[in-house]
Amino acid sequence: MSSHHPHPLAVAVTGRGLVDPDEPVLAAHDEGFLRGRAAFETLRVYAGRPFRLAQHLARIERSSRSLGLPPPDVDELTRLATLALGRSGARDAVLRLYWTPGPAGDGRPLGLALVSEIPAWIEGARAHGQRLVGLLYPRRSTPWLLADTKSTSYAVHLAAEAEARRRGGDDAVFVDADGIVLEGPVTNIWWRYGRTLETPSLDLGILAGETRAALLELAPGLGYEVAEGSYELDRVLGADEAFTSSSVREVLPVASVDGRALGRGPAADELQAALRHAATSTL
Ligand SMILES: Cc1ncc(COP(=O)(O)O)c(C=O)c1O
């Protein structure tokens, strides 16, 4: 299981429109490449429609602001997304949108849309559940640490996944120096006690996941209350079930945390079904 990106089916870029996916599209001195200072979004496309596109565009605006990038041209990003989706011919796919400032001082930011297949490993992981490994990670307690910012600086997050695998797991869950559960490298985390779902609150500096937001809307309709707060890892270990959420993986059950098995419950499956329903019914 890995988070490597499948080869894109289609790519569209500012100023050029559709390009061959193997074609270079950035200058060597693009800031996004040189310093990992670009904003991006990953969405899932259901039946040809990107889920919660408006919310993802709002987040790329927030991320661009906190990274000090020029405001993204969201109409341009939408146009590029439509072009790339059309070219890919895919009905169900992963859509990535990037906003990079271009070369420093150049003032020519660039939008990019990439469409790729949904990674094949995900449905197997949904069936078996994932083994999580708790890893120490600093809490982004002040805004300058880029709390709630999706930047392309993901090397530490990828290193966390690699470390989790080295320790015999599938993915990591970040825990801060006070033992408070934060999020995964590319997911938010949830767990259940009876009819109550618990999840770390946004004031911990975690990413405000769009899937998290969707699940917050869907949970009450399924008879679950949600408590957002500050919880120690033991709270997850003692739960009836746990799961992660993200746009690409949707709702993935957690099989174990640090080698301690967790029960499988109905909430992960119910929320997964409700999420698919919301994503595929007319909005
Ligand atoms: C650090 C982090 N937390 C949470 C998420 C989940 O966010 P979303 O549901 O918007 O995909 C991601 C997504 O990549 C992430 O990188």
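Predicted model: local features only at pLDDT ≥ 70, side-chain atom pairs only at ≥ 80, totals over all residues.
Local features need pLDDT of at least 70 and side-chain atom pairs count only at pLDDT 80 or more, while totals for chains, interfaces and linings use all residues. Residues are numbered from 1 along each chain as its sequence is written, and side-chain values use heavy atoms, with hydrogens and water left out.

User: How many residues of strand 9 are buried?
Analyst: Helices (H or I, at least four residues) and strands (E, at least two) are DSSP runs, numbered from the N terminus. Buried means under 20% relative accessible area, exposed over 50%, and partly exposed in between, with a 1.4 Å probe and protein chains only. Strand 9 covers residues 188-193 and is mostly covered, the number buried being five of its six residues.

User: Which residue of strand 12 stands opposite W191?
Analyst: Two strands pair if DSSP finds at least two bridges between them. Strand 9 and strand 12 (residues 241-246) run antiparallel and are joined by five bridges. Within strand 12, the residue opposite W191 is A242.

User: What is the bridge partner of R192 in strand 10?
Analyst: Strand 10 (residues 196-200) runs antiparallel to strand 9, with three bridges between them. The hairpin of these strands has two residues between them, and G194 there takes a positive phi near 60°. For R192, the partner in strand 10 is L197.

User: Why does the pair of W190 and F243 tie together parts that are apart in sequence, and how many residues apart are they?
Analyst: Rings of Phe, Tyr and Trp (its six-membered ring) pair if their centres lie within 6.5 Å; planes under 30 degrees apart count as stacked, over 60 as edge-to-face and the rest as tilted. By this rule there are six aromatic pairs. W190 and F243 are stacked, at 6.0 Å centre to centre with 10° between the planes. Because W190 belongs to strand 9 and F243 to strand 12, the separation in sequence is 53 residues.

User: Are W190 and F243 buried or exposed?
Analyst: The relative accessible area of W190 is 0%. F243 is also at 0% relative accessibility. On these values W190 and F243 are buried.

User: Is the pair of W191 and Y231 stacked or edge-to-face?
Analyst: Both residues are buried. The ring centres of W191 and Y231 are 5.2 Å apart and the planes stand at 85°, so the pair is edge-to-face.

User: Where does Y231 lie?
Analyst: W191, its partner, is in strand 9, and the pair ties together parts 40 residues apart in sequence. Y231 itself is in the loop between strand 11 (225-229) and helix 7 (233-237).

User: Which residues is L216 in contact with, leaving aside its neighbours within four places in sequence?
Analyst: L216 belongs to helix 6 (residues 210-218) and is partly exposed, with a relative accessible area of 25%. Contact means heavy atoms within 4.5 Å. With those neighbours set aside, the contacts of L216 are W190, V226 and E228.

User: Over which ring does the charged end of R235 sit?
Analyst: A charge sits over a ring if NZ of Lys or CZ of Arg is within 6 Å of the ring centre and within 35 degrees of the ring normal. For R235 the distance to the centre is 3.8 Å, and the ring is that of Y193.

User: What is the distance from an oxygen atom of the ligand to an N or O atom in the side chain of T211?
Analyst: A polar contact is a pair of N or O atoms within 3.5 Å; within protein, one must be able to donate a hydrogen and the other to accept it, and residues adjacent in sequence count only if both atoms are side-chain atoms. E183 places a polar side-chain atom 2.8 Å from a ligand nitrogen atom, and E210 a backbone N or O atom 2.7 Å from a ligand oxygen atom. For the side chain of T211, the distance is 2.6 Å.

User: Which strands stand at the edges of the open sheet of six strands?
Analyst: The strand order is 2-1-6-5-3-4, with antiparallel pairing. The edge strands each have a single partner strand, so one side of each is left without a neighbour in the sheet; they are strand 2 (17-19) and strand 4 (49-50).

User: What is the phi of R52?
Analyst: R52 is in the loop between strand 4 and helix 2 (53-67) and counts as buried at 12% relative accessibility. Although R52 is not a glycine, its phi is positive, at about 55°.
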